[in-house]
Amino acid sequence: MNKVETSFLHKNQFGDDFLWGVSTAAFQIEGAHDTDGKGPSIWDVFTSQKGKIKNGHHASTACDFYNSYQNDIDLIRELNIPNFRFSISWPRIMPTGVPPINQAGIAYYNKIIDALLSAGIEPWITLYHWDLPHDLELKGGWTNRESVNWFSAYVEICVQSFGDRVKNWMVINEPSVFTGAGYFLGIHAPGKKGITNYLKAMHHVTLATAAGAKIIRNRIPDAHIGTTFSCTHIEPATQSSKDIEAAKRVDTLLNRTFIEPILGMGYPQGDLPVLKKLNAYIVEDDLNNLSFDFDFIGLQCYTREVVKSSLLIPYIGAELISAEKRNVISTDMGWEVYPPALYEVLKKFNAYNGIKKIIITENGAAFPDTLKNGKVYDIKRTHYIQDHLEQILKAKKEGLNVDGYFVWTLTDNFEWAEGYNARFGLIHVDFDTQQRTIKHSGLWFKDFLS
């Protein structure tokens, strides 16, 4: 008998008010990259460049959610999932990033919202999930201080268009990832590199997060407003002082740099000296404009990282020791399967004053899935979800603040630089035919939520 049949988990253990959902992102699922007036995003351009995406994959069609949204919403309802997180594509609303507005884009998202509400599913909107309009990148993108104003104008349009029916809003998704990978390492769109690009983008994104949230609050006073952060449990490779200090610097970079200014604490420059370079870009009332009193914070945790000191790595003096080198169980992304990381992250963020509510807005795993006789028996993913839910339950029993769990993700999709090679979905997608097949993990989640 396998673990699915012997699992003692039940949703009632988490309380009646605990939120259950599934998360997606526009660029990863929609396709229809130039349909109905949509403009190009930085990811449309990035994926068209040779060698940027594994196997030369692109997201021109992706999961074709643009055309098949009703079918996928029917599947969400079939899986008993009450909350659906999706993002708005900025270049679908404003093809060049600024007015004029593309009314066909507004109409499309209105159809999604109405279909969700008709199905009894609560919509949760993420305003920015990495797909900056390409025309704005030509002006410097997030490295341009004007990006705060561009984003604010975009938020105004979204709130005016959808705020009558949408209560739950997330401003920006995982700023540490898209600024680090896109503006420092150059491995994600727009492919920029260097500390100057990174620091400018970091500061402007943080300002934009607070500015966007204030617009939502002003327009929809009773809105439920949050923003999401990627977070990772960090451990030193040894108990040497050098490794402990290296782990502290990495923890500061990955887990503290964006949340602390939002909470009114400023940037953690004392524990990561390179952040003092930010002072060159901080002007006038910036420090006061970085913070906002969010109704909830979304945490997105998948793994832990083990860190050792390394003088060869600039700015942080630390190196991550891969799961492969440590010979531990990992996913198709090369991420260690380590469920206690979620509990440790919850403990860490519960220690902050000023966080009212924490929701796990992404958690999931990519494993090689095989469709056989019309079924996908993805037992590893089922176990991954169960084991992480047990860590949430442990946290709740200890009185820690955690109020929801959203699986990443609904369907297999375009997984950024990994293309279609990394499958995270509760539902299998044949990308040649767009055929959907609910996986074992999806069926387990359905039963769990029933």
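The legends below describe an overview and several close-up views of one predicted protein model.

Because the model is predicted, local features are reported at pLDDT of at least 70 and side-chain atom pairs at pLDDT 80 or more, whereas totals for chains, interfaces and linings use all residues. Residues are numbered from 1 along each chain as its sequence is written, and side-chain values use heavy atoms, with hydrogens and water left out.

**Overview. The whole protein chain.** The chain contains 17 helices and 15 strands, which are DSSP runs numbered from the N terminus (helices H or I of at least four residues, strands E of at least two). Buried residues make up 59% of the 450, where buried means under 20% relative accessible area, exposed over 50% and partly exposed in between, with a 1.4 Å probe and protein chains only.

**View 1. The nonpolar cores.** A nonpolar core is a set of buried Ala, Val, Leu, Ile, Met, Phe, Trp, Tyr and Cys residues joined through side-chain atoms within 4.5 Å. The largest has 131 residues, of which W142, F151, F162 and W169 touch the most other members. Helix α10 (residues 195–219) contributes the largest share of this core, with 13 residues. A second, separate core of nine residues includes Y302, A365, W408 and A422.

View 2. I81 lies in the loop between α4 (65–78) and β2 (83–87) and counts as buried at 2% relative accessibility. Leaving aside neighbours within four places in sequence, its contacts (heavy atoms within 4.5 Å) include W20, I121, L426, F445 and L449. N80 is found in that loop between α4 and β2 as well; N80 counts as partly exposed at 31% relative accessibility, and has a positive phi of about 65° although it is not a glycine. Most residues other than glycine have a negative phi, and most peptide bonds are trans.

View 3. Helix α17 (residues 440–449) is largely enclosed by the rest of the structure, because seven of its ten residues are buried. Among these buried residues are W444, F445, F448 and L449, and both F445 and L449 are in contact with I81.

View 4. T228, placed in strand β5 (residues 224–230), counts as buried at 0% relative accessibility. Apart from neighbours within four places in sequence, T228 is in contact with R85, M170, I172, N173, E174, P175, G298, Q300 and T361.

**View 5. Two cis peptide bonds.** P99 and P100 are joined by a cis peptide bond with omega about 15°, P100 being in the loop between α5 (90–93) and α6 (103–118). Another cis peptide bond joins A189 and P190, with omega about 5°; P190 sits in the loop between α9 (175–183) and α10.

**View 6. T411 and its contacts.** T411 is placed in the loop between β13 (404–408) and β14 (427–430) and is buried, with a relative accessible area of 3%. Not counting residues up to four places away in sequence, T411 touches I29, C63, D72, G425, I427, V429 and R436.
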